[in-house]
Every structure is written in C-alpha cells, then in structure tokens.
Amino acid sequence: MTVITETLRFVIPVAVIGILAHVIGEALPRRWFDASRFPYRAYAFERNGRFYEALGIRKWKNVLPDKSRIAPGTYRKAIRGSAQQHSAAHMERLLQETCVAECVHWALLVISPILLFTMESPAAYVMTSLYGLSNLPYIMIQRYNRPRLAVLSARMQRKAQEAAA
C-alpha cells in the first residue's frame, strides 16, 4: 500500500468524523449542559485553573486552532467587544459552549480507535494515538476557562440584578 493511500485512509475518516462532530455538537441542546454539575464542574485538583497553568496552558492555548473562529454559524467564544458580549446571558451561553466543546472532544478521544479499522500499516497505531491524544489540550482549555467564565458570569448576573432593582 502506498503512503498516499494510507494517508488518505486516515485523513478522509478524520475529516468525516470532524464534520460529524461539528454538526452533532452544534445540534446538541444547550440545556443539557450545566457547568456546575458532573462532569463539567471544576474539581479540587484543578484548583480553579492553577493545575493547567502549571502545565503552561497560558503559553499554548491561543496557538491551537479554534473552530469558533473559522466555522460559519458557530457561536463566537470571545468575551471582548460588543455590549451583547458583556451580558449575563452571553456569559451563561459561553459556559454551556465550554461544556459542549469538552463533551465533543471527549467523544472524539473515545472513538478514535475506530481509525485503526481504516488503516493497515503499523503507523496506524501511532496516527490513531496521536489523533486521540490531540483532543486532550482542547479538553484542558475548556476546563481551564470554565471556572474563570463562571466568576465573570456570576458578576454579570449580580450587575443585571442590581440594575433591575
């Protein structure tokens, strides 16, 4: 089998899985995702993100590709900018989006072994492992950002309640 054929037997399924993950992730009802509940809540070992800071997340998290920057119709993950982006509702939606992203990346990691059935070379194990493990940094980013967004969300909700009173 040629290198090109073997590469295509990896790239095409990965592309199909990626497209399906995007479509399914966008279709999932956001009401299913609560940042304060299992499995999305922050755990003690994460120390509100300090665990991930020890892994250097601040240096590399913005270097990785972000689907929300390139996929049309995807909810934008930025918190700077318009007044809409400073609302309590926007902050709550961002929290839900981090949960959805984490869920999708866990699913991609778990299903990655199916790629072994598309390739025949010994490199299949390396490529499949790398593909599966490539989801871990994205999971870490969601888990790092979520507690910080929760603090901002609580602040926005307090401001909204004070303004309504």
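**Entry 1: the loop between helix 1 and helix 2**

I looked up arginine 47 and found it partly exposed, with a relative accessible area of 40%. I note that the model is a predicted one. Arginine 47 sits in the loop between helix 1 and helix 2. Its phi is positive, about 45 degrees, although the residue is not a glycine.

I then turned to asparagine 48, which is found in that loop between helix 1 and helix 2 as well. Here phi is about 50 degrees, again positive in a residue that is not a glycine. I read a relative accessible area of 53% for asparagine 48 and therefore record it as exposed, since the cut-off for that class is over 50%.

I also checked the peptide bonds of this loop. Phenylalanine 38 and proline 39 are joined by a cis peptide bond, with omega about 0 degrees. I located proline 39 in the loop between helix 1 and helix 2, the latter spanning 50-54. I kept these entries because most residues other than glycine have a negative phi, and most peptide bonds are trans.

**Entry 2: serine 153**

Is serine 153 buried or exposed? I found a relative accessibility of 2%, so serine 153 counts as buried. The residue belongs to helix 7, which covers residues 136-164. Setting aside neighbours within four places in sequence, I listed its contacts as Ala88, Met91, Glu92 and Leu95.

**Entry 3: the second largest pocket**

Which helices each supply at least two residues of its lining? I identified helix 1 (3-27) and helix 5 (88-111). Helix 5 gives the largest share, five residues. The lining residues I recorded are Ile17, Leu20, Ala21, Ile24, Leu28, Cys103, Val104, Ala107, Leu108 and Ile111.

**Entry 4: the chain as a whole**

I counted seven helices and zero strands in the chain. From the N terminus on, I wrote the order of elements as α-α-α-α-α-α-α. The C-alpha trace spans about 70 × 35 × 25 Å along its principal axes.

Of the 165 residues in the chain, I found 36% to be buried. The accessible surface comes to about 10400 Å², with 67% of it belonging to carbon and sulfur atoms. For contacts between residues at least 6 apart in sequence, I noted that 70% join residues at least 24 apart.

Technical notes
Residues are numbered from 1 along each chain as its sequence is written. This is a predicted model: local features need pLDDT of at least 70, side-chain atom pairs count only at pLDDT 80 or more; totals for chains, interfaces and linings use all residues. Side-chain values use heavy atoms; hydrogens and water are left out. Helices (H or I, at least four residues) and strands (E, at least two) are DSSP runs, numbered from the N terminus. Buried means under 20% relative accessible area, exposed over 50%, partly exposed in between (1.4 Å probe, protein chains only). Contact means heavy atoms within 4.5 Å. Accessible areas come from the Shrake-Rupley method with a 1.4 Å probe; for residues, only the protein chains shown count as cover. On a 1 Å grid over the protein atoms alone, a cavity is a set of points where a 1.4 Å probe fits but cannot get out, and a pocket is an open set with protein on both sides within 12 Å along at least five of seven lines; lining residues have an atom within 4 Å of a point.
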